[in-house]
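I opened the notebook to record what I looked up in this structure. The entries follow the order in which I consulted the features.

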Amino acid sequence: MLTTYWENLFYFLEHEGFMRIINLFWYYFYIEAPRFLVLDVLVLIISIIPSRKRRLNYERARNEFLAENPLVSIIVPGKNEGKHIYKLVKGMREQTYRNLEFIIVDDGSNDDTEVICRNLKENGLIDVFLRNEERGGKASAANLALRYCKGKYVVHVDADTSFDRDAIERIMIPFYLEDNVGGVGGNIKVRNYDESIATSLQAIEYLQTISVGRKVTSFLGIYKIISGAFGAFRKDLLDRLGGWDIGPGLDGDITVKFRKLGYKIAFENKAVGLTSAPVRFQALSNQRLRWSKSLIRFRLRKHKDVFQPDAAFNFSNFFALFDNVFYNLILDLFWWYYIIDLVLTNMPFLMFIIPLKFMIYSMGTTIQFLVVLGLSERWRTEWRLMYYIPLMMIYNGYYMRVIRTMAYFKEIFWYSSYKDAWNPTKSSQKARDFGL
Amino acid sequence: MAEFAIKKIPNDQKKEIGLISDFKNTDIRQLALYDAVVLDYTDRQGCEAFIRQCRGSFIGTLYLMPIFILSLNKDITKTVEVLSDGVISSLQVEPIIGLIDRIRSKQQNLAVIDSSSPEVRIMTKFLRYMYTRERKIEPIIDPKSHIGYSYPMLSDHYNNGNTVEMFRVLDNIAHNEYARPTFVDKLHLCSECYSSFLNFRETCPKCESLDIITENLIHHFVCAYVGPEHDFISDDYMVCPKCNRMLRHIGVDYDKPSVVYNCHNCSHIFQEPVMEAFCFVCQKRNPIDALIDKSIYSYDLTQIGEESAVNGFGREVKEEFDIQGFITFTTFNIFLKYEIERSKNSQKPSAVGSLILRISSEDRVKMGSSYKKLMLEMADFIKNATLSTDILSFVNNTTFLIISPNNESSELQSLLNNIRSSMEKLLQSSLPLTPFKFDTRVISITGSQNHTDCINQLMAN
């Protein structure tokens, strides 16, 4: 019976022909592969070609930065993050760059965070600790830290992120590599990649979408989100903007605001921070629902002016957001048409199409992953994640699409991000009233 | 002239009751001739000074003299009220005769006590006054006192610098169950001079400056801007510096999630200022946790106290022994202070320790002179077991104190343990039926300690 299946499969491939197969999986070959696979490979090639000019420029920028030795304020806003703070602070003391100011804002925690932080402050491990008795949301906590920090640059980090020893130094250098850089995103990887299948899959996803994906968008000048877990900003520009606006999705929002001011946003993949990813799929789903809603709320609603051809129109900003909206929203919705059409019109051949699709997708993902390894400083440990590549089609191709589609509908029709418990009601209500 | 300063008040019972109006020209020694005296309160200051002089004396007939105050409106100071035996509004003395008789009859029970120890004399006075007056001794609020309270019969013997000595006497009275303490108040005292004249103030945790200001934080809901109140003030309105919207309604537009302190000296931002207590007397800046907590009590005479008041402490039993080679407690304090100072500059180790015999007061009274004999034997043993450079003192008839210069605390602890085991054997053979135990404590001397704290730790119950 198995022999018959293989015979039939080869007959199907022979009978359909190469172009027929390409056309059958047009969504992947015409849309996904050029954008994600081809560009990744190109960026890898460009990155690994030795460039004396690039190396010298990097050395110059590093020397300039170290000679100036600016004060860098590390701000950590959060609620009930006390358990992570000690590790974070100890890790920060290992940084190669030393002129740091450490500010923690406790946004109305109801656990031991206050006690822990006050103790760390008394022991001189934290420079400033501020606590809001009334919870105001992450943006307000970050803004409070911003109000009292003194550094020339501000690095926003999440409390559960840990950093390579040179992470702060590395994330600062792009400010000195080019003029007009307003913010730099750090490279976020998954620390607990071996804790569950969910974290292993997220680890691959982070490597593809952040470590490589953001390098690509940064290379193309359309990088549009500095992760809240690890991002550096010029303090004077943050002051001009008045800091962060109400989230969820405040990290993407502030990045767009920087771009609108006319400043460049860079990504530094060598500035590495490790974060804890949700261990269970339920928690992961909730997180991604929240993230995906912000695409509608911020890209399509709040910053819709980026798409308007007026005096302030900027091509780079347009493409940055268009790329995001086109690939993540429009094509995501279009995919449903594609998949339904594929199934309905090829019903008798599904037994051949499904494994074929699986094989093609896995090959693409493998190539992408090899690019990741080629650019990674941790490839010796990360290559083991390859065992999970076969699952990536289900994870990226189906699971994430379903989550995203749910999020878009919830946000488009019910404005559900304004009801998210992530923010206090008093703030969400006002944001809704004022269309923010 | 002094002979005429006291006028006799005639009365039916033929008591010798004198009236004193001219305090400047009255010699208190003359009071010994009277059964009681009445002080004219017209000269308030003179009257108060005079009664304090009487009660401050160590002569029994003077400090126990029945003294009444003549005041028409009975408006007298608390000190005078406490030190006197009553207030009368006329020279009709018949109502007070009974009281005078009671005091005098109790006075007649008192045995003669001959002691040169100031502490014993003060304790005797304290107990005898309570015994003859059948009333408790209560502290009175006294702004002029170092600690804010004074014990009228006691405080005049200790100037403000010697508050620690006064507390030691009171603790001794309570510890030996001569009087039963009843809690009145709790004091926080300067760790340097025992003064309660303290200014509690907030300081910057970074530079200790007092020049700090506090301000409310404001959170503007719409744009998530958070900053101090002055960021928002614009003329008479509150306007958000980020989005220029007017803040109209607390709880709707904005809230005040917390406060921040800003140091004008070092620009440090913080939310928890460090509290300190500045002493107006010695000008020490005390951290709050370094303040000395001291409870103030009123005292009721106990049966043991009454017996001691009547018969004395039994010089051979209660009075502090004068043991050759053992210095007084006051001198020991001075040596300890110097030793702490010395250790600041010297790297050599040094330790101070105590060996306390825990035995009930009743048992000590029962043992009579044999107790002193036992203590002398113990003292002799300790003297021989310690080095000639060690400084020894014997306090409260129960406590041996030792400063051991150039010795580690562990060495002193081991020495005290050896002494204790020998002492236990000695006492078990001498007093087979009497319950007792020994406590030893050792503190390593470092330059940062306060000698009073060390003593308190060594002698704590």
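Entry 1, strand pairing. I looked up strand 17 (residues 274–279) of chain B and found it joined to strand 18 of chain B by 3 bridges, the two running antiparallel. Strands here are DSSP runs of E with at least two residues, helices are runs of H or I with at least four residues, and both are numbered from the N terminus. Two strands pair if DSSP finds at least two bridges between them. Glu276(B) stands opposite Pro287(B) in strand 18 of chain B.

I noted the provenance next. This is a predicted model, in which local features need pLDDT of at least 70 and side-chain atom pairs count only at pLDDT 80 or more, whereas totals for chains, interfaces and linings use all residues. Residues are numbered from 1 along each chain as its sequence is written, and chains are lettered from A and ligands numbered from 1 in the order in which they are written.

Entry 2, the sheet. I traced an open sheet of 3 strands in chain B, with the order 9-17-18 and antiparallel pairing. Strand 9 (198–203) and strand 18 (285–287) of chain B are at the edges with a single partner strand each, so one side of each has no neighbour in the sheet. From one strand to the next the twist averages 35 degrees, an angle taken between N-to-C directions on a scale from 0 to 180 degrees, with axes fitted as lines to C-alpha atoms.

I recorded 5 bridges between strand 10 (residues 212–220) and strand 15 (residues 259–263) of chain B, in the antiparallel sense. Cys263(B) in strand 15 is the bridge partner of Ile212(B). Strand 15 of chain B also pairs with strand 16 (residues 269–270) of chain B, antiparallel over 2 bridges, and Asn262(B) stands opposite Ile269(B) there. Strands 15 and 16 of chain B form a hairpin with 5 residues between them, and Ser267(B) in the turn has a positive phi of about 65 degrees.

Which residues of helix 5 of chain B are buried? They are Ile96(B), Ile100(B) and Ile103(B). Seen down the helix axis, the buried residues of helix 5 of chain B fall within an arc of 65 degrees, so they line one face; the arc is that of the directions from the axis to the C-beta atoms. The face turned away from the buried side carries the exposed residues Glu94(B), Gly98(B), Ser105(B) and Gln108(B). A residue is buried if 20 or more other C-beta atoms lie within 10 Å of its own, exposed if 12 or fewer, and partly exposed in between, with C-beta atoms placed from the backbone. The buried residues pack against strand 3 (36–40), strand 4 (67–70), strand 5 (86–88) and helix 6 (118–133) of chain B.

I found 25 residues of chain A in contact with 18 residues of chain B, where contact requires C-beta atoms, placed from the backbone, within 7 Å. Helix 7 of chain A gives the most to the side of chain A that touches chain B, with 6 residues.

Chain B comes to 15 helices and 23 strands, and chain A has 18 helices and 8 strands.

How values were computed. Two residues are in contact if their C-beta atoms, placed from the backbone, lie within 7 Å.
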